[in-house]
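Work through the exercises below with the sequence and the model open side by side. Try each task before reading its solution.

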Amino acid sequence: MFARTIVPLGILILLLSFSAVQTVQGQGWDVSSPDKKVKVTIATKGNRLSYSVSYANTSAIGSSPLGIVRDDQQFSENLKFISKTAAAIDGTYTLRIGRKLQCRNQANEVTLTFENENKESVQLIFRAYNDGMAYRYHFPKTDNTPYKIIREESGFAIAKDAKAWIQPYDLNVRKKPCYEAFYENGMAVGTPSPNPAGWAFSALFNTKGLWVLLTEAGLDETYPGTHMEDKAGNGIYTIRFPEKEEVTSDADPEPVSTLPWTTPWRAAVIGPSLATIQETSLVTNLSPPSVIQDVSWIKPGRSSWSWWSAGGTTRDFEVQKQYIDFTADMKWDYVLIDAGWHEMKNGKMEDLVKYADSKKVGIVLWYHSGMGREKDTLSDANLMAFPDARKKEFEKIAAWGVKGVKVDFFDGDKQPVIKRYYDIMRDAAANKIMVNFHGSTLPRGWERTYPHLVSMESVKGAEGAGRQEFCDRAPIQNTILPFTRNVVGPMDYTPVTFTNKREAKRQTTFAHELALSVVFESGVFHFADNMKSYQALPEEPKNFLRQVPVAWDETRYVTGIPGKYIVIARRKGSAWYIAGINGQDAEQEISFDLPFLKKEVTLSQITDGPVAGTFAATALKTNGKNIRVKIIAKGGFVLYMPENTVTAKRK
């Protein structure tokens, strides 16, 4: 359980001035962001507490419910105010992966202590950042008795005239992930979810000229992952625990813990521009600092992967050797060997790892999480469920020289499932093994605490490209994900595919797919197509894929609208990579500035060619002003500094 104290690793705690936190005539309390644009107001409403949030005096979140109920007593009504403390938080930290590696955590915080009728205490902790706000509950009493929270009444009130880009939470009855539905595109607030389970985080809204992204952060082993529901259809999205039907765990959906006990953060990114949404570090700001001192072995990178095009090849030593040779030629960093590698033929895995090492290529191996298989006989299929077996496995593959694991099929958000993630992250860290989670929950800032967590799936990604519905919806979904799912953490979408999978016909163009290597962010970026597809590319796009980074020093929103198009710029060192995609059925001509280009430069540009399935490569001399690009229907483009301008170094 994470301690309540927020002092560690250089975070400075100071008393706030009365301008930041003040009592409102004894009936409520305000906390404002350092720049005073975000203002959170906590107030009494009848016999209950509520809060609201404004940005520059414009309502972002309306009057929203607060309260939490344990199995022994309630902390949601008739609460008596006891005390208030205030703090200013200002510190910096460094990430190993992400949109921005050097981050500043700056906020104002207020902690309000209340008592219920039984004189039992609960604390409400609110933070106001320049780009949003967050709150959580804390039970300060020390008691080794297990308690259960049966209901959290927390909510977010969004205006009924707002638009929503929001994803149904899958009703998990068939051991399928809960975060792989399609996002609704600009849906009316209050529209019922097609699933009785409600809506998943993260959820984007446009309201009163503001953009609001709702999510959860700071989730630890004392709580399940949560999602939202809007029972009344009135735009008040309240917290909902996992579904009882989530069959990978037979535990109750409600959390259980001893005291003291702190809940996860309920968080909202808020700003007048989509730049605020896309450039935020709010989720990692709300997460505990890294527990790993030596991070030199954690290396983001690019990976090949044979499973997408030919799953059975994971069992073939000779085919995987070919993929290693191909990966080395592409100057990529890893080969992911997916399910089936335990049955390797024509050679041993430890010999394959040695061969890869001789080519300066790292091997990543697939495992099942073991969730739902704890009662089965111990085998390769469920060893992650058994602590001793899991530790021995990590020790064994670390001795071989394996660099990472992909752990799959968690398929639920109950508290024991969350604990399994933590167990795996801890045991992997002890053996210097990087981790990628598939069939997983949503990122909630764990990559700050455990920086060897390089990616998570929790997305309807390109593995679904064998279905025509996925292919038909991908162009629009690809323009929504950078403003929603990928905002809250690394996203293993497995994109950049140029061939069709099975009978389904891809709708995105070649340049659209190429641009996804910049538009999407993941600490290890898995290029999903078969190696022959990449080998057949013209030199310009092939060389682009040889050098494109995956961990970025800076990210800038350039232009775009979710569901229509997006242009994004990312920096690695002094090199900038700019990419755009069009999700629409018609050509989109856009103009934009790149103010970070301080002098005239020549950028390489790759767009779609005149014939479907081709590229066009040109040079663009620009000072960053009034750049105009035409993106064909469902197409894309990249602009970048070529290798002869900035040398691309292996990460």
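Predicted model: local features only at pLDDT ≥ 70, side-chain atom pairs only at ≥ 80, totals over all residues.

**Exercise 1: The largest cavity**

Task: Count the cavities of 30 Å³ or more. Then describe the lining of the largest cavity.

Solution. The structure holds six such cavities. The volume of the largest is about 130 Å³. Its lining is made of 18 residues. Nearest its centre lie Ala465, Phe470, Thr497, Arg506 and Glu513. Two elements give two or more residues to this lining: H8 and helix H9 (510–519). H8 gives the most, with four residues.

Nine residues are nonpolar, six are polar and three are charged.

Link this back to Exercise 1. Ala465 and Arg506, both contacts of Cys471, are among the residues nearest the cavity centre.

**Exercise 2: A buried arginine**

Task: Locate Arg444. Is this residue buried or exposed, and which side chain does its own side chain meet in a polar contact?

Solution. Arg444 is in the loop between strand E26 (434–437) and helix H7 (446–449). Its relative accessibility is 0%, so Arg444 counts as buried. The polar contact is with the side chain of Tyr179, at 3.1 Å.

Finish with the wider set of contacts.

**Exercise 3: The nonpolar cores**

Task: Which residues touch the most other members of the largest nonpolar core?

Solution. This core has 200 residues. Tyr51 and Phe126 touch the most other members. Helix H6 (residues 415–430) supplies the largest share, eight residues. A second core of five residues is separate, and includes Tyr93, Leu101, Cys103 and Ala551.

For background, nonpolar side chains tend to be buried together in soluble globular proteins.

**Exercise 4: Backbone checks**

Task: Inspect the peptide bonds from Phe201 to Ser202 and between Leu259 and Pro260. Then inspect phi at Lys119 and Lys360.

Solution. Take omega first. The bond from Phe201 to Ser202 is cis, with omega near -5°. Ser202 belongs to strand E16, residues 199–207. The bond joining Leu259 and Pro260 is cis, with omega about 0°. Pro260 belongs to strand E20, residues 256–262.

Turn to phi. Lys119 has a positive phi, near 60°, and is not a glycine. Its place is the loop between strand E10 (102–115) and strand E11 (121–129). With a relative accessible area of 60%, Lys119 is exposed.

Lys360 also is not a glycine, and its phi is positive, about 60°. Lys360 lies in the loop between helix H4 (349–358) and strand E24 (362–368). Its relative accessibility is 68%, so Lys360 counts as exposed.

Note on methods
Residues numbered from 1 in each chain as written. Heavy atoms only, no water. Core = buried A, V, L, I, M, F, W, Y, C linked by side-chain atoms within 4.5 Å. Buried < 20%, exposed > 50% of the residue type's maximum accessible area, 1.4 Å probe, protein only. Polar contact = N/O pair within 3.5 Å; in protein donor to acceptor, adjacent residues only side chain to side chain. Contact = heavy atoms within 4.5 Å. 1 Å grid on protein atoms, 1.4 Å probe; cavity = no way out; pocket = protein on both sides within 12 Å on 5 of 7 lines; lining within 4 Å. Points joined across faces, edges and corners; volume = space filled by probe spheres on them. Nonpolar A, V, L, I, M, F, W, Y, C, P; charged D, E, K, R; others polar. Lists of a residue's contacts leave out its neighbours within four places in sequence.
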